[in-house]
Every structure is written in structure tokens, then in C-alpha cells.
Amino acid sequence: MRAILEDPSGHRLVWIDTDDPSPAPDEVIVEVAATAVNRADLAQRQGIYPPPPGESPILGLECAGVISEIGSAVTAWAVGDRVCALLGGGGYAERVAVPATQLLPVPTGLSFSEAASLPEAVCTVWSNLAMGFNAPLPGQVALIHGGASGLGTMAVQLAARYGYTVIATAGSPDRARATEQWGAVRGIDYRSEDFGSVVADLTEGRGANVIIDVVGASYLTRNLDALADDGRLMVLGLMGGHIASVDLASMLRRRLSLHATSLRSRPRTGAASKAEIVSRVRTDVWPWFESGDVRPAIGTVLPITSVEQAHREIADGTAASGKTVLEIPGR
């Protein structure tokens, strides 16, 4: 098969021949039609986000395509099924081995490219919004940072659908307005507006009940200040660094919670595993895609041979709002 790998210089990604995967008893082989780009892919290239032990070193945390082979222990899926998948790695390739518990059916009416944009963002957002947490009370507010990104556009939609009033930040006036098209009541251009002040004004000083953050250290104090009493901060990324100090006395006094989570490092099976999250997403969220109440948010579609362009646009902030999808030639 062909896959995206680094050339010998280590500075460029190339579409070249490599070994075919074989399924373990609990896995299937998916013939990949499309994959999607996540900022984690860029971090892996930089050597700061390696795949968990046993996972493919090939980039790509999600894909969509057709099952071409099933392992001996797989009973719930069949050759020819149209699926999308949450991956530990391996999506930037013509074929990938996937645990059967990490498969989802392609929602009715969606293309492979649309379906490929869903698993990583949906599973990440849903595990932080809903799993282990009560449904929001009327009027509760979610603040989504990076609301025009691939993850952010899905977070805005799911939080609104789940019952939150959503506020979202983005890096330009146009991108801030784009978050409002996906369900935010107010998009904030963080380059010219202070998100804490805007949240305070919109909530009459109460603050946000939950914050989904991909920035990390540089936003920590401001995020905690923007929370309502009993609020929780969910840190999903470290674009702004990973070391910060925190006023624990203030957190105790206001009963604030800080959660730092990573989907990729979760175990494949068991409590709080990828399998559990995928199962909950299929039951709780997938009907919203079937009905059209929540939609894939795709900004750019490119051939996988243009992966360098895709990564460059995400790194420098020029990527279109929504997810960047890479299509496999001939699929």
C-alpha cells in the first residue's frame, strides 16, 4: 500500500509504498477513502506527541472508507461496510487496521470525506462535555476556545445541541462570525477583544459553566477567572504552553474543577476507554448526524499528496474554518 511517511531528510512528507497492515483477531482492515488533519498530527511530526505503544507510527487519527477484511473475532461488522473510525494512528494511508470497537457507520447521506472529519472531534468533545457530567441546567454557558477550528466547530454544535448557551473565541472577525453560523450566540475575536470581559457581560457577571480550551498554560488564569462558581475547565490542548501556576485558594473558594484530558492516550477497552466513548457517541450523538441536526464542518478538502500544504495552513492559521480533509487518490 501507499502511505504518507517522512522522506529520509525528515523534513518533508511523501506518498510512498510501505507494508500492508494485517488485522488482529479483534480488528478490521479499512480501505481508506479519506482522512482528516488534526493539530496532533503536527505535534507528532515535531516529536512531542508520539503514538501510544502498539499504535501505527503513520500519521492520522481518523478515517472513513470500506471494510475489506475482518479479524477472526469480529462479528458486528462485515466486509463491504461503509465506516468511519477513531484511530491511534495510521489514517494517512490506503489501508489501516482498526479495532472493531472504534468503528462507526457512515451516517446516512454523508460522503466519506464528511464522515472522515467526525470521529476524533466528536469523540473528544463528547467525552469532555457529557461523559461523567450532568446535562446542563437551563441558561448554563459553555465557552469554546478555537471555535472556528475543526475541533471547535464541532464543539460549538454539540454544546449547543446538548443544551448550553455557547460563546466561542476565534482569531479574526470573520472566524468569530463563523462560529455564530455553527450555533454560538456570540463569537469573540480574541485578537481585539478580552474574552473574560465579554463572557462577564453576556452572563451578567456569573461566568461560563464549562470552558473547552486548546490553549493551555497561557490561558489558565484567565480561564479560571472566566468560570462561574462550580464551573469546570476542560484542557484539551497546549498551544499556549504546558507549565503554569494556579491560585488553589480561589479554586477552593469557588469550587472550580480543572480537567486535563487526552483521547489518544486512553486504553482501547475498559472504563473510560476509546471503546466506551465510541459506543456512547454512536448511541447519543450519531442520531443527530442522521437527522441533520448536527453537520460535518469541513473547511478544506485536498488530495493527500497535498498534506504539506494542509499542515502549513493549520500551523500558520490560514486554514479555512472547519476541518481539513485529505482524500485518497482513486477512492
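The paragraphs below go through the parts of this structure, from its sheet to its cores, rings and loops.

The model is predicted, so local features need pLDDT of at least 70 and side-chain atom pairs count only at pLDDT 80 or more, while totals for chains, interfaces and linings use all residues. Residues are numbered from 1 along each chain as its sequence is written, and side-chain values use heavy atoms, with hydrogens and water left out.

Helices (H or I, at least four residues) and strands (E, at least two) are DSSP runs, numbered from the N terminus. Two strands pair if DSSP finds at least two bridges between them. Six strands form an open sheet with parallel pairing, in the order E10-E9-E8-E11-E12-E13. Strand E10 (186-189) and strand E13 (257-260) stand at the edges with a single partner strand each, so one side of each is left without a neighbour in the sheet. From one strand to the next, the twist averages 15°; axes here are lines fitted to C-alpha atoms, for helices over the stretch in contact, and angles run from 0 to 180 degrees between N-to-C directions.

Within this sheet, strand E8 (residues 141-144) and strand E9 (residues 165-170) run parallel and are joined by four bridges. Val-141 has Thr-165 in E9 as its bridge partner. Helix H6 (residues 195-202) packs on the sheet, where it touches E8, E9, E10 and strand E11 (208-213). The direction of H6 makes about 155° with that of E10. Contact means heavy atoms within 4.5 Å.

Antiparallel pairing is found around strand E5 (residues 82-86). Strand E4 (residues 62-70) pairs with E5 over five bridges in the antiparallel sense, and Val-66 has Arg-82 in E5 as its bridge partner. E5 is also joined to strand E7 (residues 103-105) by three bridges, again antiparallel; here Ala-85 stands opposite Leu-103 in E7. Four of the five residues of E5 are buried, so the strand is largely enclosed by the rest of the structure. Buried means under 20% relative accessible area, exposed over 50%, and partly exposed in between (1.4 Å probe, protein chains only).

Helix H3 (residues 119-129) is also largely enclosed by the rest of the structure, because 11 of its 11 residues are buried. Among them are Val-122 and Trp-126. Val-122 also belongs to the largest nonpolar core, which has 68 residues; Val-122, Leu-158 and Val-281 touch the most other members. A nonpolar core is a set of buried Ala, Val, Leu, Ile, Met, Phe, Trp, Tyr and Cys residues joined through side-chain atoms within 4.5 Å. Not counting residues up to four places away in sequence, Val-122 touches Met-154, Leu-158, Val-281, Val-285, Trp-286 and Phe-289. A second, separate core has 33 residues, including Ala-3, Val-32, Leu-87 and Val-96.

The structure holds five aromatic pairs. Rings of Phe, Tyr and Trp (its six-membered ring) pair if their centres lie within 6.5 Å; planes under 30 degrees apart count as stacked, over 60 as edge-to-face and the rest as tilted. Tyr-162 and Tyr-164 make a tilted pair, because their ring planes stand at 50°, with the centres 6.2 Å apart. Both Tyr-162 and Tyr-164 are buried. The pair of Phe-195 and Tyr-219 is tilted too, because the planes stand at 45°, and its ring centres are 5.1 Å apart. This pair links distant parts of the chain, 24 residues apart: Phe-195 is in helix H6, and Tyr-219 is in the loop between E11 and helix H7 (220-226). Phe-195 and Tyr-219 are both buried. One aromatic cluster is formed by Trp-126, Tyr-162, Tyr-164 and Trp-288.

Some rings have a charge over them, which requires NZ of Lys or CZ of Arg within 6 Å of the ring centre and within 35 degrees of the ring normal. Arg-222 lies over the face of Tyr-219, at 5.1 Å from the ring centre. Arg-232 lies over the face of Phe-133, at 3.7 Å from the ring centre.

Most residues other than glycine have a negative phi. Glu-204, in the loop between H6 and E11, has a positive phi of about 55° and is exposed, with a relative accessible area of 68%. Ala-272, in the loop between E13 and helix H9 (274-284), also has a positive phi of about 55°, and is partly exposed at 36% relative accessibility. Ser-321 is in the loop between helix H11 (307-316) and strand E15 (323-327) and is partly exposed, with a relative accessible area of 23%. Leaving aside neighbours within four places in sequence, Ser-321 is in contact with Ala-148, Arg-175, Ala-178, Ile-298 and Gly-299.
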